[in-house]
Amino acid sequence: MTVRQALGRALGSMFMLVAFIFVMLGDLVARAVAVGATPGVPASEAEVAAAETRLGVRFDSQYRELMAIGSGIEGLGSWFWYPVAELGVGKRWLESKTFLIEEYFHPPDAPFLNEESYRGEPVRGRFHPAPAGRRHVLIGENIDLPGSLVTNFPTSDPAASSDIAYCRWEPEIFGDVAQTLTQLIEETERRNARGDPDDLPLEQWDRSGASTALMNLRDGISEEHALKIRHALSTRRRREFDQRPVTESIRRLRKMMWCDGAEPQFSYTAIEHALWGPGVPHLRAAATFPESSGMPVREAIVGVVQENTVWRVDSMSWA
């Protein structure tokens, strides 16, 4: 075998591996969507390169491929993965990183530093302190049981994969991107199969979900947070949102949702639900406005749909 033939075979094997990883992660993202999650739009090479520069790392191949499928994942049960554009600069990313430094990586008696192992997995040396040539990076969160997904990305040459640990009271190593995503999807599938963990009646659970979609959409517009907005929108509205530049789409949504330019405030206790029976499922929500606007209380009519177990906003108008 000539050198050229050997090189060609090696490159062919590498491309086959990359293709396999892309297909495998694509299947996992489809499973995530089926349990109610919303992936972001694919990250561009420029966004990936900018994030790597900000963080001083090189993303491993699995994480890079996941971001090429969808940058960030919102609403995977109680989990979300940050979009590439938030890493190192996003408000919620910076707030969570501060917590991590204070609770896990700074105090000499922090449990993360003292645990030699967790569930049989070696922590010291394998994950913390970060092995030579790697650096801790926050990539996701659990919002129900506050804790963070942290990985060790290489600082120079990219690797095929990196360990991801769930940092809460004690560290738990989930594995690489594919293993972690699989675990979170299976957790969400079990959660959905069990139904509401608080044993609420189905109608009350639906009312809560539909109201939360309205709140999340309002918050996403206020914060100009594209992934949060996309997760709150119905499929058809999300397609419309993606057809324009993000700033333009947010401006159009603000025009629809803000009443005469005034930002509405909603309360869970001031929402009436019409989610069952004849007619289009909708909410009737009483909205208040900043005192400076001089606006009286107004009622919003919010059309909602249930897609993949999750209620989402499909339309909105003012009565």
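Mentor: Buried means under 20% relative accessible area, exposed over 50%, partly exposed in between (1.4 Å probe, protein chains only). This is a predicted model: local features need pLDDT of at least 70, side-chain atom pairs count only at pLDDT 80 or more, and totals for chains, interfaces and linings use all residues. Residues are numbered from 1 along each chain as its sequence is written, and side-chain values use heavy atoms, with hydrogens and water left out.

Trainee: Which residues are buried in helix 2?

Mentor: V48, A51, E52 and L55, within residues 45-55. They sit on the same side of helix 2, because they cover an arc of only 100° around the axis. That arc is taken from the directions from the helix axis to the C-beta atoms. Helices (H or I, at least four residues) and strands (E, at least two) are DSSP runs, numbered from the N terminus.

Trainee: Which exposed residues are on the face turned away?

Mentor: A46 and T53. Just after helix 2, G56 has a positive phi of about 70°.

Trainee: New topic. How many aromatic pairs are there in the whole structure?

Mentor: Eight. Rings of Phe, Tyr and Trp (its six-membered ring) pair if their centres lie within 6.5 Å; planes under 30 degrees apart are stacked, over 60 edge-to-face, the rest tilted. F59 and F153 make a tilted pair, 5.0 Å centre to centre with 55° between the planes.

Trainee: Where do those two sit in the chain?

Mentor: F59 is in the loop between helix 2 and helix 3 (61-69), and F153 is in strand 7 (residues 147-154). They are 94 residues apart.
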